[in-house]
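Here's a quick briefing to read alongside the model. Have the sequence and the 3D view open, and we'll go through it topic by topic.

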There are 2 protein chains.
Amino acid sequence: MTTKRRNNSQDVADLANVSQASVSRAFTLGASISAKTKEKILAAAAKLDYQPNIIARSLSKNQSGLIGILFANWDHPKAAEILKGLCEAITEKGFKPVVQSASTIESVDKAFIDFLSYQVDGVIVFSTSPSANTSALCLRSNIPIVILNHSTPGINASIVTIDSIKVGRQIGDALLKGRYKRIAIISSDAHSQVVSGISNAIAETVSHAAGTEIISKITGIHGYEAGIQTITDLWAEDIKPDAIVCTSDYTALGILAGCRHQLNISVPEELCVIGLGDIPASGWKDHDLSTVKIPHDELVKTTVTTLISKIETKSMEPENIRLEAKLLLRGTIRSS
Amino acid sequence: MTTKRRNNSQDVADLANVSQASVSRAFTLGASISAKTKEKILAAAAKLDYQPNIIARSLSKNQSGLIGILFANWDHPKAAEILKGLCEAITEKGFKPVVQSASTIESVDKAFIDFLSYQVDGVIVFSTSPSANTSALCLRSNIPIVILNHSTPGINASIVTIDSIKVGRQIGDALLKGRYKRIAIISSDAHSQVVSGISNAIAETVSHAAGTEIISKITGIHGYEAGIQTITDLWAEDIKPDAIVCTSDYTALGILAGCRHQLNISVPEELCVIGLGDIPASGWKDHDLSTVKIPHDELVKTTVTTLISKIETKSMEPENIRLEAKLLLRGTIRSS
DNA sequence: CAGCAATATGTATGCGCTTGCAATGCTACT
DNA sequence: AGTAGCATTGCAAGCGCATACATATTGCTG
């Protein structure tokens, strides 16, 4: 089978009796070309299955139209939704997303090198960040970076995330209002700035009320089963918490299941449980978990528009954007 | 700010006192070049932040190294896992995934045109399929297609999916063994070949036993809330089912919640519930849903290897690959 | 050390497109 | 009719790299 060459603009030009340059213009929005020739060219192109070769266009225009997405946190409950939002927003703006999975620091940096090779016009990073070295390399190469959901100081990149301080204060206030005294904070990721922001803001808020304190902070707990285990462990202690804030809904649901089905702990009387993320199951009647609704859609859209505006203005100035999240008070916390 | 041009192979060549061709060879695996010059060139390249421009390489090699992923079913419970698997497998093979979201038929076809423009070397389609026209266009352009999780006859594309007939038979057998008589089948997508394959195989299997029948097939039901609604409606009928097979775990969990918390239906005595997909929540103690475990990981890997082998052998022969899924019998079905 | 094969390097061309510039065609106005 | 002014088209160079081919260098054998 002789792999036949795909038709190019010259082939179309020959068929339409025009110059190759005119074919190029026919496919360039706003180029100087008469309606008549354009029509003639498009007809010829259709006849030949011709589509402009974007690779060649990229080379001559010196911009690929590619945006690299570096996706670290696939376990995020809304991972699919977020990625979908990113891809669609990027496509809508006339770019194409190239997705790369990354977990370790080295693989993140390696992915950036790959992105550079592919001449991406910009990079979006989800829940991780490049090393200072790599970030500097991108700066030298004029590739703007926007980091979603992971604030990282000292890196030349823009950041879009939630206002974790504000969320922490809201949670703190709600706990005070519910007269909870002994608070435990359970998180999966010890290094997440979002988590530590929330955690610190809760601590700071409740510190204003006498007799209320954070009795423990546990990190590295992640998932439903781990939640059940955690509440079992906590309940074996002498001093038990009367409120648990969990930076993952899955873990919180595990804790809830442990309370209700195994340990017979009454929620929200004996124990308050608060999650983070508002996954669908949290709203289900048999769970009814209080949690924090994160404006993922807005975060995603903001991320993409921020990046693309940087690409278009060739600006490398880092921005720091924080959107508001909303605390949803449901059945797992008492309101007074 | 004068946007400085990125260094190219000529710049490196100048610094290293060699020809541009040698620089190219230094970055081409297995090219004819001495260790000494290669080292010299790599040093110079490092000094200049040089990375080969893959766009230019693509143009001259006439292959982009890009694989298009057309992702339709973002609501799939394992969407993130699947996409992650695809991206990682693709990257590992030395290609890069370009992700495109698509829902309507037109957007699917449009996405294909885009992929052609970007000179992708192959396309993976998740849970949808191109029109016959577009598929023919890809055939003419020598772009192999592999469709994951959606068998579509009459299209020039390879298919990787589960053996739905076999799954249906297993479910049918399990129902017979549990002495269930009046079976309802609830599915979201009326047009899915996987769903209809399962559905038909169940019907065929139970038809061998006297007194057992499919009393209703309902389509277009999707999600937890819809599940609750559905069981409520079904229970208001004169003839109630004693087994419900649901092609989505979420819906099945909704049905289960309706049974246990609202209608006081005893599962699995009065009603058997079977889901599909084995989402994490199905295995949770408070649900314990019988369901079908789909080998997503294997499906994904097979999809990618199939596609890449087609790319490398330039074969356009469609293949039809069906992997086995496993029925997990848990607490929502009686075993005899 | 001659002589030849194998290896290494350079030269030059082309991948398919965009775009600056020059040439042409057209309109409208004097 | 003549020509300024603009829209349209063609021409040709170049984007950064791979590679066929020519040339230079090395290593090896007898």
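Chain A exposes about 14800 Å², and carbon and sulfur atoms supply 50% of that area; accessible areas come from the Shrake-Rupley method with a 1.4 Å probe, and for residues only the protein chains shown count as cover. Keep in mind that this is a predicted model, where local features need pLDDT of at least 70, side-chain atom pairs count only at pLDDT 80 or more, and totals for chains, interfaces and linings use all residues. Residues are numbered from 1 along each chain as its sequence is written, chains are lettered from A and ligands numbered from 1 in the order in which they are written, and side-chain values use heavy atoms, leaving out hydrogens and water.

**Chain A overall**

- Chain A has 13 helices and twelve strands; these are DSSP runs numbered from the N terminus, with helices being H or I of at least four residues and strands E of at least two.
- The radius of gyration of chain A is 26 Å, whereas a compact globule of 336 residues would come out near 20 Å. That radius is taken over C-alpha atoms, and the globule rule is 2.2 Å times the number of residues to the power 0.38.
- Along its principal axes, the C-alpha trace of chain A spans about 90 × 40 × 40 Å.
- Of the 336 residues in chain A, 54% count as buried (buried is under 20% relative accessible area, exposed over 50%, partly exposed in between, with a 1.4 Å probe and protein chains only).
- Looking at contacts in chain A with a separation of 6 or more, 70% come from residues 24 or more positions apart (contact means heavy atoms within 4.5 Å).

**Aromatic pairs and charges over rings**

- Searching the whole structure turns up twelve aromatic pairs over all chains. Rings of Phe, Tyr and Trp (its six-membered ring) pair if their centres lie within 6.5 Å; planes under 30 degrees apart are stacked, over 60 edge-to-face, and the rest tilted.
- One of the pairs is Trp284(A) with Tyr224(B), stacked at 3.6 Å centre to centre with 5° between the planes. Trp284(A) sits in the loop between helix H12 (280–283) and strand E10 (291–293) of chain A, while Tyr224(B) belongs to helix H10 (residues 224–235) of chain B, so this pair joins two chains.
- Trp284(A) counts as buried at 5% relative accessibility, and Tyr224(B) is buried at 5% too.
- Phe112(B) and Phe115(B) make an edge-to-face pair, 6.3 Å centre to centre and 75° between the planes. Both lie in helix H6 (residues 105–117) of chain B, three residues apart, or about one turn of the helix.
- Phe112(B) is buried, with a relative accessible area of 1%, and Phe115(B) is buried with 1%.
- Over in chain A, Phe71(A), Trp74(A) and Phe126(A) form one aromatic cluster.
- The charged end of Arg334(A) sits over the ring of Tyr180(A), 4.4 Å from its centre (the cut-off is NZ of Lys or CZ of Arg within 6 Å of the ring centre and within 35 degrees of the ring normal).

**Helix H5 of chain B**

- What span should helix H5 (residues 79–92) of chain B have? At 1.5 Å a residue, its 14 residues should span 20 Å, and the end C-alpha atoms are 20 Å apart, which agrees. The expected span is 1.5 Å times one less than the number of residues.
- The buried residues of H5(B) include Ile82(B), Leu83(B), Leu86(B) and Ile90(B).
- After H5(B) comes Gly94(B), whose phi is positive, near 90°.

**Two serines in loops**

- Ser129(A) lies in the loop between strand E3 (122–126) and helix H7 (132–140) of chain A, and is buried with a relative accessible area of 12%.
- Leaving aside residues up to four places away in sequence, Ser129(A) touches Val108(A), Ile147(A), His150(A) and Thr152(A).
- Ser32(B), in the loop between helix H2 (20–26) and helix H3 (35–47) of chain B, counts as exposed at 65% relative accessibility.

- The peptide bond from Val267(A) to Pro268(A) is cis, with omega near 5°; Pro268(A) is in the loop between helix H11 (249–263) and strand E9 (272–274) of chain A.
- In chain B, the bond from Val267(B) to Pro268(B) is cis, with omega near 5°.
- Asn149(B) isn't a glycine, yet has a positive phi of about 70°.
- Asp278(B), not a glycine either, has a positive phi of about 55° and is buried at 12% relative accessibility.
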